[in-house]
Every structure is written in C-alpha cells, then in structure tokens.
Amino acid sequence: MPAAYATIALNDINASTDSEIEEFHAITRLIVFARENAAVLDAQQTVYCLDLALEQIATELRHRADSSADVVPYLQDVSRQRQ
C-alpha cells in the first residue's frame with residue numbers, strides 16, 4: 001500500500017475508493033491524450049500499447065464496479081477506433 005494511503009482511517013474506506021477511482025480517471029485522461037498525439041505522429045506501436053493500457057484500466061474499473069460516466073466516453077472512443 002502506498003504511503004499516502006497508509007494514513008487513511010479504516011472507517012474512511014469509501015473516500016479511499018473514490019480517491020482511487022479519481023486517480024484512474026486522471027490516468028485515463030493522460031493516456032488518451034498521449035494516444036491521440038501518438039496517432040497524429042503515426043506511431044502505431046505506441047498507439048497499440050496505449051490502447052492496451054486503456055483496456056486494462058477499463059477492466060480494472062469494471063472490476064471495481066465503477067459506473068461513473070466520466071471515463072466511459074474515452075473508453076468507447078478507443079473501442080470504436082480499434083474496430
């Protein structure tokens with residue numbers, strides 16, 4: 001467990017989960033930004049790797065039962081582009 005989470009009180013688990021999901025959302029936005037720029041530069045291998053990263057984030061968020069609409073549009077765009 002990262003040191004930042006070691007100080008969170010045990011009765012504040014929901015806040016911890018929300019914070020983790022917010023971090024996943026931030027990471028997703030960064031990866032989408034990098035993916036779009038890689039696509040402009042025609043760096044296909046990089047685009048492929050970033051697509052894999054987005055798929056893994058989607059899997060993790062589904063695993064955590066995150067139904068937030070914040071990340072869903074990013075993930076849907078990537079799914080459409082891969083087809």
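Colleague: At 56% relative accessibility, is D42 buried or exposed?

Modeller: This is a predicted model, in which local features need pLDDT of at least 70, side-chain atom pairs count only at pLDDT 80 or more, and totals for chains, interfaces and linings use all residues. Residues are numbered from 1 along each chain as its sequence is written, and side-chain values use heavy atoms, with hydrogens and water left out. Buried means under 20% relative accessible area, exposed over 50%, and partly exposed in between (1.4 Å probe, protein chains only). Because its relative accessibility is 56%, D42 counts as exposed.

Colleague: Where does D42 lie, and what is its phi?

Modeller: D42 lies in the loop between α2 (13-40) and α3; helices (H or I, at least four residues) are DSSP runs, numbered from the N terminus. Although D42 is not a glycine, its phi is positive, at about 60°.

Colleague: Is D51 buried or exposed, and with which side chain does the D51 side chain make a polar contact?

Modeller: D51 belongs to helix α3, which covers residues 44-63. Its relative accessibility is 4%, so D51 counts as buried. A polar contact is a pair of N or O atoms within 3.5 Å; within protein, one must be able to donate a hydrogen and the other to accept it, and residues adjacent in sequence count only if both atoms are side-chain atoms. At 2.4 Å, the partner of the D51 side chain is the side chain of R35.

Colleague: Which pattern does the protein follow along the sequence?

Modeller: The protein has four helices and zero strands. Read along the sequence, its pattern is α-α-α-α.

Definitions and conventions: Helices (H or I, at least four residues) and strands (E, at least two) are DSSP runs, numbered from the N terminus.
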